[in-house]
Structures are given as structure tokens and as C-alpha cells.
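The exercises below go through one protein model, each with a worked solution. Try each task on the structure before reading on.

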Amino acid sequence: TPSGPFIVGIEAAMEWLKAPNPHGRPNSEVLRPWFNGSDITGRSSESWVVDFSAIPSEHEAALFEGPFVCVRREVQEARKGYRTGGKLFWKFERPRPEMRSALAAHTRYVARSMVGKHQFYVWFSACILPANLVIVFARSDDYFLGVLQSRFHELWGLKQGTRLETRPRYTPTTCFETFPFPRPTPAQVAAIADALK
């Protein structure tokens, strides 16, 4: 959850990715493609996000010149009215280190929009940072995706989830954590995985 205007368009991101920095480190360390629920259910907005979550100090963040100037200009001002008073303005409010650690072991992961008329799952490349209303699963095997896309899991999610206005809302605690995952044989695992190819 960034809590502030950390999102930038593809043009700015491409310019910064080519630009040098005084410490010699590339801006790719703090720029990532950013996907939200609309990017999953519709067409990609080609948004990027400035993510200083791994950078410990404002001084070090400032050495990534282009992205930092943007964040200082846009985010610092927006956060002045926050309870924190804008302290650590260059960092996400909730960087979700546990999620990042879980996803780090994979080259791809499963994602879905938390709210949506249609219930479907997609693969995200590990380089993509998901928005806060995207549910992610730190798994990269086709079998797992096959189970999530099953009619049984879909009905379970619709029944166990909540609603936002008229749209179904998938909540991990009620939809995923309560789901009775099957205990398949190795042949069944292979068959489900092969069905996705």
C-alpha cells in the first residue's frame, strides 16, 4: 500500500531507467511495473511505481535522482496531512515485507483482483509489484493455478466471500484459508497442470 502518488507513467519510467545516478546504481532498483485489479480484468495501464521500500534512508533514496525528485515533489506534499506528518515520505506506508519475501522465491506468481464481477486468476512475472487490492499467491506451479480456477473453488469463493455493492469480493481469510484443498495423487497433479497447457 503506497499511500501517496508513487505511480508514474511508462514514459517517465523509461526515461529514468536510462538515466545515470551519482552512485552508479540503476533506477531499475526502485522502479517496478505496477498492476492493479483493472490491469487484470481489462487492459494494462502500463503504470510503474517508485518503490524505495528497500532503501533505508532519505539520503540513499535521493541518489536515485529522477524518481526521488518526483516522490519528493508529489508524495511529500500529499502526506503532510497524514497522521505520520509525512515522515519517511519516500517509503510505502505498508510495504508488506512478508509478501515480498514469499514472492522472492518465484519467477512468477498467481494473482487476482480482490473485487470483480468475473473470478479469474493470472500469472504475474516476479518483477511486477501488485497493488494493494490484488490478491497474490506465492506459488508458481500450474497445478495450484488449476485448482484455483476450478469451478469448485469459484463457487466456494462466491459463497464464502463478501460483496462490494453488487460485485463479489474475494477475501483471503474466508475464501482461501477455509478452502478444502484436495489431496491429489501425483497423476492427478500432473493431469491438472497439463490441462492448463
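**Exercise 1.** Where is the place of E46? Describe its backbone and its accessibility as well.

Solution. The model is a predicted one.
Step 1: find the elements on either side. E46 sits in the loop between α2 (37-41) and β3.
Step 2: read the backbone angle. Phi of E46 is near 55 degrees, which is a positive value in a residue other than glycine. Most residues other than glycine have a negative phi.
Step 3: classify the accessibility. E46 has a relative accessible area of 46%, so E46 is partly exposed.

**Exercise 2.** Apply the steps of the previous exercise to E165. Is E165 buried or exposed?

Solution. Step 1: the location. E165 belongs to the loop between β8 (162-164) and β9 (167-169).
Step 1: the angle. E165 has a phi near 60 degrees, a positive value for a residue that is not glycine.
Step 2: the accessibility. The relative accessibility of E165 is 66%, so this residue counts as exposed.

**Exercise 3.** Examine helix α4. Which residues in α4 are buried, and what covers them?

Solution. Step 1: set the limits. Helix α4 spans residues 65-78 and has 14 residues. From first C-alpha to last, α4 reaches 20 Å, close to the 20 Å expected at 1.5 Å a residue.
Step 1: check the axis. A kink of about 30 degrees is centred on R72 in α4.
Step 2: list the buried positions. These are P67, F68, C70, V71 and V75.
Step 3: name the cover. The elements covering the buried residues of α4 include β1 (7-8), α1 (10-18), β3 (47-50) and α3 (58-62).
Step 4: take an exposed residue for contrast. R73 is found in α4. With a relative accessible area of 52%, R73 is exposed. R73 and P5 are 68 residues apart in sequence, and their C-alpha atoms are 9.8 Å apart.

**Exercise 4.** Take the two tryptophans W16 and W90. Why does W16 count as buried, and which residues does W90 touch?

Solution. W16 lies in helix α1.
Step 1: apply the cut-off. Buried means under 20% relative accessible area. W16 counts as buried because its relative accessibility is 12%.
Step 2: list the contacts. Apart from neighbours within four places in sequence, W16 is in contact with V8, N27, L31, V50, G66, P67 and C70. P67 and C70 are among the buried residues of α4.
Step 3: turn to W90. W90 is in the loop between α4 and α5 (97-103). At a relative accessible area of 5%, W90 is buried.
Step 4: list its contacts. W90 touches F6, F52, I55, P56, S57, E58, A61, F68 and V71, with residues up to four places away in sequence not counted. F68 and V71 are also among the buried residues of α4.

**Exercise 5.** Describe the setting of R108. In which strand is the place of R108?

Solution. Step 1: the location. R108 is in strand β4, which covers residues 108-113.
Step 1: the accessibility. R108 has a relative accessible area of 26% and is therefore partly exposed.
Step 2: the contacts. Leaving aside neighbours within four places in sequence, R108 contacts W123, F124, S125, A126, R139, S140, D141 and D142.
Step 3: a distance. R108 and V122 are 14 residues apart in sequence and 10.0 Å apart in space, C-alpha to C-alpha.

Notes:
Residues are numbered from 1 along each chain as its sequence is written. This is a predicted model: local features need pLDDT of at least 70, side-chain atom pairs count only at pLDDT 80 or more; totals for chains, interfaces and linings use all residues. Side-chain values use heavy atoms; hydrogens and water are left out. Helices (H or I, at least four residues) and strands (E, at least two) are DSSP runs, numbered from the N terminus. The expected span of a helix is 1.5 Å times one less than its number of residues. The bend at a residue is the angle between axes fitted to the seven residues ending there and the seven starting there. Buried means under 20% relative accessible area, exposed over 50%, partly exposed in between (1.4 Å probe, protein chains only). Contact means heavy atoms within 4.5 Å.
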